[in-house]
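Thanks for coming. I will take one structure this morning and go through it part by part. Please have the sequence and the model up on your screens.

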Amino acid sequence: MKAAVFYEHNAPLSVEDIQIDAPKRTEVLVKIAASGVCHSDLSVMNGSIPFPPPPAVLGHEGAGVVEEVGADVTAVKPGDHVILSWRPSCSRCGYCVTGRPQLCQTGNLELFQGYLPDGTSRLHKGDTEIRHFTGVSSFAEYAVVPDSGVVKIRSDVPFEAAALVGCGVMTGVGAAINTAKVEPGTSVVVIGCGGVGLNTVQGAVLAGAEKIIAVDLNTAKLELATQFGATHRVNPQDGDPVDQVLSLTDGLGADYAFEVIGRSDTAVQAYNSIRPGGTAVVVGVAKPDDMLTIPTVSLLQEKTLKGSIYGSARPSVDMPRLLDLYVQGKLKLDELVSRRIGLEDINAAFDWMERGEVARSVIMY
Ligand SMILES: NC(=O)c1ccc[n+]([C@@H]2O[C@H](COP(=O)([O-])OP(=O)(O)OC[C@H]3O[C@@H](n4cnc5c(N)ncnc54)[C@H](O)[C@@H]3O)[C@@H](O)[C@H]2O)c1
Ligand SMILES: [Zn+2]
Ligand SMILES: [Zn+2]
């Protein structure tokens, strides 16, 4: 099958033929139909997100059709349409049974080692083992994934829309709705309005926020954020973004702020943008050595600073719900797709992302 293989940091992916093995007993072979290109893939390529030595097939925002299932798989059957979840879970541990599968530790092997849950890979080129990424690896025509990494979905939605739910939409909307539990009538700041942040904006809209302040250095992204429901725009090039937010929120700050870039300075901006009793949520993935400093005493204003992984997703519940909202016209997914490309154009997609030209590029297989 064709795959875009990550061989070396800070180098283009190589689109070439590799081999994929059959699924084992609890695994599923999926024919990928569409895959979004997320900033986290780029962060692995440039070393910002630590990952074991390549080669590996990246891509973690995919949807497709089940082609074959292992002997013990009951959740899906060949022909089912699925979204691939990059946070597989065990359904038995304390986190899983209390509704927080995003924290299930079984997902760590996929995330940090690049293997399937049994500690091995199904991808290789001749004798050379190729790692998976997050148990998804959607920059390839097929993927073998753990059965807890597939979410069966309705079959009447376009695959590119479904693919985006697999990371950016779930992460962004979920941060607002699941992690922060934004309440109706409140004020929300979203710092960074790319493929994920735009979804935090629309998550805030769904939650009934009254004021939604979009912050981005890129005026085209601020324009898009307005289309997604932001009520105010702040460009840090026009002055300190925190001061601008405070002047839009009675001098006290917003009820909620989200950092959706992956930097400590903007995480501190998010924290400084909230009012006493407010909640700041870090969604962006910062480099491991990027530390942040806040005045300790400011926490006594009952401010909360927390993180959000995968929008605190309960994939099998949340992802079908998001697609239902899309079908009802309450969630914008088509508008997120800036460019549809072939797998051979994948390196251009990373250039467009770095230049801020796209919300999302989507590979169509
Ligand atoms: N927490 C999670 O589970 C999770 C999941 C997916 C992605 N992420 C992370 O979310 C972040 C965003 O991903 P994305 O795909 O939306 O990226 P993106 O490149 O599409 O968007 C980033 C946006 O931030 C803006 N920006 C950059 N620097 C800025 C600054 N100093 N001030 C204001 N705006 C600035 C850019 O103009 C761009 O619009 C990344 O760090 C990614 O790794 C986290
Ligand atoms: Zn992602
Ligand atoms: Zn678990």
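D250 sits in the loop between α7, residues 241-248, and β15, residues 254-259. D250 is not a glycine, yet its phi is positive, at about 55°. Keep in mind throughout that this is a predicted model.

The peptide bond from P54 to P55 is cis, with omega near 10°. P55 belongs to the loop between α1 and β5.

Now the overall division of the chain. The protein chain splits into domain 1, which is 2-167 + 312-364, and domain 2, which is 181-307. Taken over C-alpha atoms, the centres of domain 1 and domain 2 are 28 Å apart. Where the two meet, 15 residues of domain 1 are in contact with 14 residues of domain 2. On the domain 1 side of that contact, α1 gives the most, with three residues. That side of domain 1 is made up of six nonpolar, five polar and four charged residues.

Next, the ligand. How many residues surround ligand 1? The number is 32, and the closest are H39, G192, G194, V196 and G262. Both domains take part: domain 1 and domain 2 each give at least three residues to the shell around ligand 1. Helix α1, residues 39-45, supplies at least two residues of that shell, and α4 also supplies at least two. By class, the shell around ligand 1 has 15 nonpolar, 15 polar and two charged residues.

Helix α4, residues 159-179, and helix α9, residues 315-327, have axes that come within 10 Å and cross at roughly 105°. How are α4 and α9 oriented, parallel or perpendicular? An angle from 65 to 115 degrees counts as roughly perpendicular, so α4 and α9 are roughly perpendicular to each other. On the α4 side, the contact is made by A161, A162, V165, V169, M170, V173 and G174. On the α9 side, the residues are D318, M319, L322, L323 and Y326. Sorted by class, the α4 contact with α9 has ten nonpolar residues, one polar and one charged.

Two sheets remain on my list. One is an open sheet of three strands in the order β2-β1-β5, paired antiparallel. Its edge strands are β2, residues 14-17, and β5, residues 56-57, and each of these pairs on one side only. Strand β1, residues 2-6, is joined to β2 by four bridges, and the two run antiparallel. If you want a position to look at, A4 has V15 in β2 as its bridge partner.

The other sheet is also open, with three strands in the order β3-β8-β9 and antiparallel pairing. Which strands stand at its edges? They are β3, residues 19-20, and β9, residues 128-130; each has a single partner strand, so one side of each has no neighbour in the sheet. Between β3 and β8, residues 123-125, there are two bridges, and these strands run antiparallel. Here the position to look at is Q19, which stands opposite H124 in β8.

To recap, the chain has two domains, and the shell around ligand 1 draws at least three residues from each of them.

How values were computed
Residues numbered from 1 in each chain as written. Chains lettered and ligands numbered in written order. Predicted model: local features only at pLDDT ≥ 70, side-chain atom pairs only at ≥ 80, totals over all residues. Axes fitted to C-alpha atoms, helices over the stretch in contact; angles between N-to-C directions. Parallel < 35°, antiparallel > 145°, perpendicular 65-115°, else oblique. Contact = placed C-beta atoms within 7 Å. Nonpolar A, V, L, I, M, F, W, Y, C, P; charged D, E, K, R; others polar. Pairing = 2+ DSSP bridges. Near = placed C-beta within 6 Å. Domains from an automatic or database assignment.
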